[in-house]
Amino acid sequence: MSNLHTRQKGLAEVKRKRTIFIVLMLAYPVLHLFLEWYLNFNIVNMAFRDYSLDIINGDFVGFDNFEAVFKMFDPSLEYPEYYALRNCLHLFLLVVFVNGPISLAFSYLLFLQVRAHKVLQYILYIPCITSAVVLVLAWRSVLQPNGPIEHFLTMIGQSIPYEGFLGPNTAWSSIIVFSIWTGFSTNIIYFLSCMRRVPASYIEAAKLDGAGEFRVFWSIILPLASPTICTMLSLGIAGIFSWALPSLLMIPNSTHNGEYFTGTMGLTILNLTTNHSYGLASAYGLMLTAVATPLMLLIRKLANKLESNVEY
Amino acid sequence: MKKQVMQESKIWLIAKTVLYVVMVLAALSYIAMFVWILINSFKTPLNYMNDVFGLPADEYGGFDFKNYLDVLFFEYKEQNLFQMLGNTVMLILINVFCALSFPVMAGYVFGRMEFKGRAKFEAMLYVLMTIPVIGAAGSTLNFLDAIGLNNTFAGIFIISSASFGSGMLVLTSLFRGLPSSYAEAAYIDGAGEWQVFARIYYPQAAPLLSINVIATIIGVWNDYMTGYLYLPDHPTIALGLQQLQRKAGFDYPIMFAGIVLTMIPVFIVFSFIAKRIFNSTDLGALK
C-alpha cells in the first residue's frame with residue numbers, strides 16, 4: 001500500500017468522522033428549529049379552526065374566528081375589547097416617551113459617576129431580579145384600602161378616591177404607575193454598558209472644546225448609543241403585544257379585567273388560550289403579528305442604518 | 001457666546017439635580033418596599049390592620065414567626081411548599097441543562113465548521129427571530145396535548161430548549177473569534193472532534209455560560225407564565241406565591257412572609273454575579 005493511499009484513506013476517515021460529529025451535534029438543535037417553525041406558524045392553520053369539540057385537530061370554520069375577534073371590539077358590548085387596544089396604546093406611549101427617556105437619563109447620571117452611583121446602580125437593578133409576582137403583590141398591598149398609601153395621603157391631607165386605587169376607574173392608572181416604577185430598570189444596564197464603550201478620547205476632546213455635560217450627551221453619547229436605543233425600543237414595543245402579567249396578577253380574577261378596564265390584547269389572548277379557545281387566540285394573534293412584523297422590521301432597519309453611521 | 005454656555009450649564013445643573021433626586025427616590029422606594037414587607041411579615045394580622053408603618057408592637061405579641069410557619073405548611077393543589085420548591089428546582093435544572101448544551105453545540109458547529117445546508121438553517125433562524133409571532137402559546141399547548149406531554153416536565157424540556165436561538169448567535173460569534181491554532185495542535189496530537197470540542201473550545205465559553213446560567217436560575221425562579229400555562233398541576237414557587245395571596249385574603253403578613261422567603265435565594269444568587277454584570281461593557285452589544 002502506497003503512502004499516498006494511506007493518507008487519502010486517512011483523510012476520508014477524518015472527513016467521515018467530522019460529518020458524524022456535525023450531524024450528532026446539530027441533530028437536536030435543528031430538529032428543534034423545525035419544531036419552533038411549526039409551533040409558530042401553525043397559528044395560521046389554527047386561526048381557521050374551532051377546538052371546542054375536537055381539542056386536538058379542531059374543525060375547519062373558515063373566517064369565523066376572525067369575525068368573532070372583530071365582534072369583540074363592538075362598542076355596544078358591555079366591556080368591549082377596544083379598552084384593551086386603548087391600554088396597549090397607553091403602554092406604547094409609556095415605553096417610548098416615559099420609560100425610555102427616564103432610563104436614558106438615569107443611565108447617563110450613573111455614567112457621569114454621580115454621588116453614590118455604584119450603590120444606586122445595584123439598587124435600581126432590583127426590579128430586574130425580582131419576580132413579577134412579588135412586585136405586583138407588593139404594589140397591590142401598598143394600594144389596598146387602609147394600606148400605606150391611603151394612610152400617607154390622609155396624613156398629608158389628600159383625599160382618597162372613593163373606590164380606592166384598585167377600582168374600575170383607578171386600577172388602570174395604578175397599573176400604569178406600577179409599570180413606570182418597575183419599567184426603566186432593565187434598560188439601564190444596557191444603556192450604561194453602551195455608554196461605557198464610548199471612547200474616552202471623544203469625550204475629552206469635546207470637553208476641551210468647551211462642551212458641557214449636556215452637550216456631550218446630546219452630541220456624542222446619544223448618536224453613538226442610538227443603535228442600542230433602537231434595539232431596546234423594539235424589544236419594548238414587541239413586549240406590548242404580549243403584555244399581560246401585571247393586569248393578570250393585579251386584578252384578583254383575571255377574567256374580570258374587562259370590568260376593571262385593565263385588559264390588554266396580550267391578556268385577552270392569554271385568557272382565550274387558557275380557556276382552550278385556541279382558534280380565537282390564534283386568529284387574534286395572527287392579526288397582531290401582521291401589525292407587529294412590519295413595525296419591528298422598520299425599527300430594525302432604522303437600527304441598522306444608525307449603526308452603519310456609527311463606528312467607534 | 002460664553003454667557004450662553006453659562007446659561008446652558010446652569011439649566012443642566014438644575015435638571016441634573018432634579019433627575020438625581022428622582023433617581024435616589026426611586027432607589028429608596030425599592031429599599032423601602034422590601035424593608036416594609038420584611039417588618040410587616042413579623043406582625044399579627046390585627047397588628048398590621050391597626051398599624052401599617054410601625055414595628056411589631058408588644059401589645060399584639062411583638063415579633064411573631066407564626067406567619068413563616070404558616071407559609072411552610074401552605075398547600076396548593078395538594079402540594080406543599082417543599083414540593084413547589086422541588087418543582088421549581090426541576091424547572092431550573094432543565095433550563096440550565098438546556099442553556100449549557102444545545103446553544104453551545106449549535107454555536108460551535110456554526111462558528112467553526114462548514115457544512116451543507118448551513119445557509120438554509122441560518123435563514124430559518126433569522127425568519128423565526130424576525131417575525132414576532134404573537135399568540136403561539138395555544139399552538140404549543142395543542143402540540144403538547146397531541147403528544148400527551150401537556151402538564152409534564154418532559155413537555156417543559158421541549159419548550160425550554162426553544163430559546164436556544166439568541167444564545168446560539170452569541171456563542172457562534174464567540175467560537176468564530178477563537179484562534180484555530182489550539183485545535184490544529186490537538187488534531188496533530190491525535191485528538192478527535194469530540195475531544196477538541198469538549199476539552200479545548202467548550203471551556204472557552206465558560207465565562208459567558210456562567211452568566212447565562214445564573215441569569216437562567218433567577219429567571220426561572222421568578223417566572224410565572226411557564227408554570228401558569230404549561231405546568232398548572234405542578235405549581236412552582238411563583239405560582240404558589242400568587243395562590244398564597246389568594247388564600248390569605250386580607251391576612252397580608254402571611255403573604256409578606258412568603259415574599260421574604262422567595263426573595264432570599266434571589267439576592268444570594270444575584271450577589272455572585274452582580275459585579276460581573278455591572279462591570280461588563282459588552283452587554284450593550286446585543287444588537
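Start in helix H6 of chain B, residues 118-130. B:Arg118 and B:Glu122 sit four residues apart there, so about one helical turn separates them. Helices here are DSSP runs of H or I, at least four residues, numbered from the N terminus. The two side chains form a salt bridge, 3.5 Å from N to O. By salt bridge I mean a side-chain nitrogen of Lys or Arg within 4 Å of a carboxyl oxygen of Asp or Glu. B:Arg118 is buried at 10% relative accessibility, while B:Glu122 is partly exposed at 35%. The cut-offs: buried is under 20% relative accessible area, exposed is over 50%, partly exposed is in between, with a 1.4 Å probe and protein chains only.

Quick ground rules. This is a predicted model, where local features need pLDDT of at least 70, side-chain atom pairs need pLDDT 80 or more, and totals for chains, interfaces and linings use all residues. Residues count from 1 along each chain as written, chains are lettered from A and ligands numbered from 1 in written order, and side-chain values use heavy atoms, without hydrogens or water.

How many salt bridges are there over all chains? Six. Another is B:Asp70 with B:Lys66, at 3.0 Å between the closest N and O atoms. These two are four residues apart in helix H3 of chain B, so again about one helical turn. B:Asp70 is partly exposed at 27%, and B:Lys66 is partly exposed at 48%. In chain A, A:Arg16 pairs with A:Glu13 at 3.4 Å. They are three residues apart in helix H1.

Now the interface. Two salt bridges run between chain A and chain B. B:Glu193 to A:Arg18 is a salt bridge, with the closest N and O atoms 2.8 Å apart. Helix H1 of chain A, residues 3-46, gives the largest share of chain A's side, 22 residues. By contact, meaning heavy atoms within 4.5 Å, 100 residues of chain A meet 94 of chain B. The chains bury about 8900 Å² between them, 76% of it on carbon and sulfur. That is accessible area lost on being put together, 1.4 Å probe, summed over both parts. A:Phe21, A:Met25 and A:Ile129 lose the most area in chain A, together 8% of what that side buries.

Last, a residue to look at. Which residues does B:Ile259 touch, beyond four places away in sequence? A:Val134, A:Leu137, A:Ala138, B:Ile37 and B:Leu241.

Key: Buried area is the accessible area (1.4 Å probe) that two parts lose on being put together, summed over both.
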